[in-house]
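Reader: I want to learn how to read a helix in a model. Where do I begin?

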Amino acid sequence: MSEHSRALDERLESVFGPVIEAIAAGAVERERDRRLPYDEVAALRAAGFGALRVPTDFGGWGVTLEQEFRLLIRLGAADSNLPQLLRGHVAFVETQRAQPDGELRTEWLRRLGAGAVLVGNAQAERGGATTIETRLDERDGRLVLNGRKFYSTGTIYADWLWVGAMRGDEPVALAVPADAPGVSRSDDWNGFGQRLTGSGTTVFDEVEVDPRQVLPWRENAERRPLAFTQGLYQLVLLAAQAGTARAVLRDAIDFVRPRTRTFGVPGVSRPSQDPSVQSVVGRLSAIASSVEAITLSAVRGLEAAEGEDSAGDDHFQAALAAVFEAQQVVLPLVLEAATSLFEVGGASAVDANRSLDRHWRNARTVASHNPAIHRQRALGDHRLNGTPFRVGPSSAAPNAQTEDSGSVRVHRRVS
C-alpha cells in the first residue's frame with residue numbers, strides 16, 4: 001500500500017468511522033420502530049459520503065472503487081438498509097465520471113464533490129411490460145415528465161432523482177430535482193426485509209424538466225460497456241450482504257460473551273466455553289471473512305476492467321461473470337449465517353427486542369433482487385457456449401435493473 005493510500009484510509013476512518021458507529025448504535029431501535037434513517041443519511045451526506053468517488057479536482061475524495069466498497073460493507077454491517085438506499089447514487093457518480101469532458105459533467109462533478117447532494121434512482125416500473133410508460137413530452141416549448149415509478153430505492157432521501165423515460169420512441173435518462181413541483185415520493189414498500197430503504201413509489205405529474213439534464217441512451221452508454229453498470233449495481237447489493245454477515249458475527253459474539261447459562265448443562269456455565277457454540281461462531285467468522293473477500297475481489301475485477309485498453313467489452317464481460325459468480329456463493333452463505341446465528345442462544349435469541357431476525361429478513365430480501373437462479377443459468381451458458389451476458393439497451397429504461405439474467409429488458413420487482 002502506498003503512503004498516499006494509507007493516509008487516505010486514515011482520513012476516511014477519522015471522518016466516517018464515528019458516523020458509521022453512530023448508525024450501528026441505533027439500528028435495532030430503527031428496525032423495531034420502522035423509523036426511516038433520515039438523520040443517518042443526513043450525517044453521511046454532511047460527512048461527504050456521496051463524494052467518495054468524485055475526483056479530487058472537483059472537490060471529492062478521489063477514492064478507489066475498492067476503498068468505497070470497503071466503506072459500503074462497513075456501513076452494511078451497521079445497517080444493511082444504508083448501502084442499498086445509496087445504490088442509485090453510487091451508480092450515478094460513476095455515470096458522471098465516465099461522461100466525456102463538458103460543461104454538464106463539470107457542473108455535476110462539482111455539485112457531487114461538494115458532498116451535499118445525494119441522487120436517488122427512479123427507473124423500475126411495476127408489471128411485465130417490456131417498454132416503459134413514463135413519458136417525456138415537449139409541450140409549448142417545455143419538456144414535461146409524467147409517469148409512476150415503483151421500487152425507487154433511496155429517492156425519499158435524495159436531492160436529485162435519476163429517471164428513465166421515453167421521449168417519443170427514444171429511451172432517455174434525465175435528472176430531476178427531488179423537490180420539483182409535481183414530484184411526489186411515498187414510503188409504500190411493503191417487504192418484510194430492508195424496510196428502511198425507502199423503496200416506494202415516485203410519481204411525476206407534469207414535472208418540467210431542464211433540457212440540459214436529458215441524455216439520450218446513446219450518450220448515456222458512458223463510453224464503456226453497460227456490463228460495468230450492471231456489475232456495479234449488483235456489487236452494492238453484495239456489499240450489503242457482506243455487511244450483514246459481519247453484523248451476524250458481531251451480534252453472535254455480543255450475545256454469547258456475557259451469558260452464564262446454556263441449555264442442557266447443570267449449574268452455572270459459560271456458553272463461550274461450550275464447544276458447540278464455539279463451532280457455530282467459528283463458522284460465522286469464516287463466512288463473514290469469506291463473503292467480504294469474494295465481494296472485494298469482484299470489485300477489484302470491475303475496477304481493473306475499466307482500466308484495460310480494449311476496444312471491445314471482453315474485460316467487462318469477464319468482470320461481470322465474476323460478479324455473478326460471487327452472487328452464487330455469497331447469497332447462500334449469508335443466509336446460512338443469518339439462520340445459524342440462532343444456534344448460539346436458544347429461545348432467548350428470538351426475543352423481539354433484540355431484532356436478530358432482521359439479519360435473515362434483510363439477507364433474504366436482498367437475495368431476492370434479480371434472482372440469482374437466472375444468473376446461474378446465464379453463467380453456464382456463458383462458460384459452455386461463450387454467450388455474452390445480455391446487458392444491451394432495448395426500449396427499456398437506461399440503467400434499469402431487472403429480473404432478467406443481466407439484461408435491461410423487463411421491468412419488474414427490483415430496487
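Author: Begin with the whole chain. Residues 24 or more positions apart account for 75% of the contacts in the protein chain with a separation of 6 or more; contact means heavy atoms within 4.5 Å. This is a predicted model: local features need pLDDT of at least 70, side-chain atom pairs count only at pLDDT 80 or more, and totals for chains, interfaces and linings use all residues. Residues are numbered from 1 along each chain as its sequence is written, and side-chain values use heavy atoms, without hydrogens and water.

Reader: How many helices and strands does the protein chain have?

Author: The protein chain has 12 helices and eight strands. Both are DSSP runs, numbered from the N terminus: helices are H or I with at least four residues, strands E with at least two.

Reader: Which residues of H12 are buried?

Author: First the general idea. An α-helix has 3.6 residues a turn, so residues three or four places apart point the same way. In H12, the buried residues are Ala372, Arg375, Ala378, Leu379 and His382. They cover an arc of only 110 degrees around the axis, which puts them on the same side of H12. The arc is that of the directions from the helix axis to the C-beta atoms. Buried means under 20% relative accessible area, exposed over 50%, partly exposed in between (1.4 Å probe, protein chains only).

Reader: What covers the buried residues of H12?

Author: The cover includes helix H8 (227-256) and helix H10 (314-340).

Reader: Which residues are exposed on the other side of H12?

Author: Ile373, Leu384 and Asn385. Just after H12, glycine 386 has a positive phi of about 70 degrees.
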